Amino acid sequence: MGHSHDGHSHDHTHGANKKTLLLAFSMITIYMIVEVVGGYITNSLALLSDAGHMLSDAISLGVGVLAFTFSEKVANNRNTYGYKRFEILAAVFNGVTLILIAVFICVEAIKRFSNPPEVSSSGMLIIAFIGLLVNVLVAWILMRGGDTHDNLNMRAAFLHVISDMLGSIGAIIAAILIMFFGWEWADPVASIIVALLVLTSGWRVTRDSVHVLMEGTPSNIELDEIISTIRESKEVIDLHDLHIWTITSGQNALSCHIVVDGALTIKEGQNFLQTLEHKLHHLGIGHMTVQLEMDSHKHENTILCNLDSNQDHHHKH
């Protein structure tokens, strides 16, 4: 059996992500309150929809901070992986929240087309412009201080802020059109454009998070490359029951059965596992569990395990 952990760097990134999210959460929450009040006073749906989106930002960032806090809890008898999956659950929650907010904004915007209310465009413009500056600053903080590429939770929060930034731009354009041309319909149009952007972000985050929960092959892993790397070693005769999954963002695991030559000594077996562990680590596998089988016990199984209730997967060593 082989194990490989990249604990120190993961913990460091984890801490940086948590601090970054906490700072972003504070800034977004304060400005969200400003935007709600501003949207109500100016009667702008574009501002209120942006504020609603900022509320989802605040919730997503808050849940993200909670997720990082929960995932710090150590593994125990009940949860042998600890609480690391909480981050993925938080990302699902964020994605679904984005989708629901997008639907709500669209419904409200459609109602406004038939009866567009009067909008205070100058107030709307000022608040939307400040909102844009806040979002740009928060996006910069998230990019600079957190892992927005590989961490699903951070990426969900970052996508919230980016679509929010686009929402502010939409509100600014709508305010200018109302101010100079009297086009009241620009307000609900801007809202619908924001809603579609929000919907796209929400769908992507939800899809990626559900893929992790379904134990899907991580998107950054090339399965064929993993298989050829294992099979290229001279000790390997066959490979089966291969599984690769994501524990949490940035932590991929692998388990498999490898058939080796029966003449292999224990020391040779250990050396083989250490070499393989090192190779797989460079291909994105942080934790591996390998069961070595002698060629006398070779099974006629496929590489990918077919979980059939009639199959017996208990092998003798």
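A search of the whole structure finds two aromatic pairs. Rings of Phe, Tyr and Trp (for Trp, the six-membered ring) are paired if their centres lie within 6.5 Å; planes under 30 degrees apart count as stacked, over 60 as edge-to-face and the rest as tilted. The model is predicted, so local features need pLDDT of at least 70 and side-chain atom pairs count only at pLDDT 80 or more, while totals for chains, interfaces and linings use all residues. Residues are numbered from 1 along each chain as its sequence is written, and side-chain values use heavy atoms, with hydrogens and water left out.

Accessibility was assigned with a 1.4 Å probe on protein chains only: buried means under 20% relative accessible area, exposed over 50%, and partly exposed in between. Phenylalanine 181 has 53% relative accessibility and counts as exposed. Tryptophan 183, at 34%, counts as partly exposed. Tryptophan 185 is partly exposed, at 42%.

Helices (H or I, at least four residues) and strands (E, at least two) are DSSP runs, numbered from the N terminus. Helix H6 covers residues 186-213 and has 28 residues. From its first C-alpha to its last, H6 reaches 41 Å, close to the 40 Å expected at 1.5 Å a residue. The expected span is 1.5 Å times one less than the number of residues. Just after H6, glutamate 215 takes a positive phi of about 60 degrees.

Two strands pair if DSSP finds at least two bridges between them. Strand E1 (residues 236-248) has 11 of its 13 residues buried, so the rest of the structure largely encloses it. E1 and E2 pair in the antiparallel sense over nine bridges. In E2, asparagine 252 is the bridge partner of threonine 246. The two strands form a hairpin with two residues between them, and glycine 250 in the turn has a positive phi of about 85 degrees.

Strand E2 (residues 251-260) also pairs with strand E3 (residues 287-294), in the parallel sense, over eight bridges. Histidine 257 has glutamine 291 in E3 as its bridge partner.
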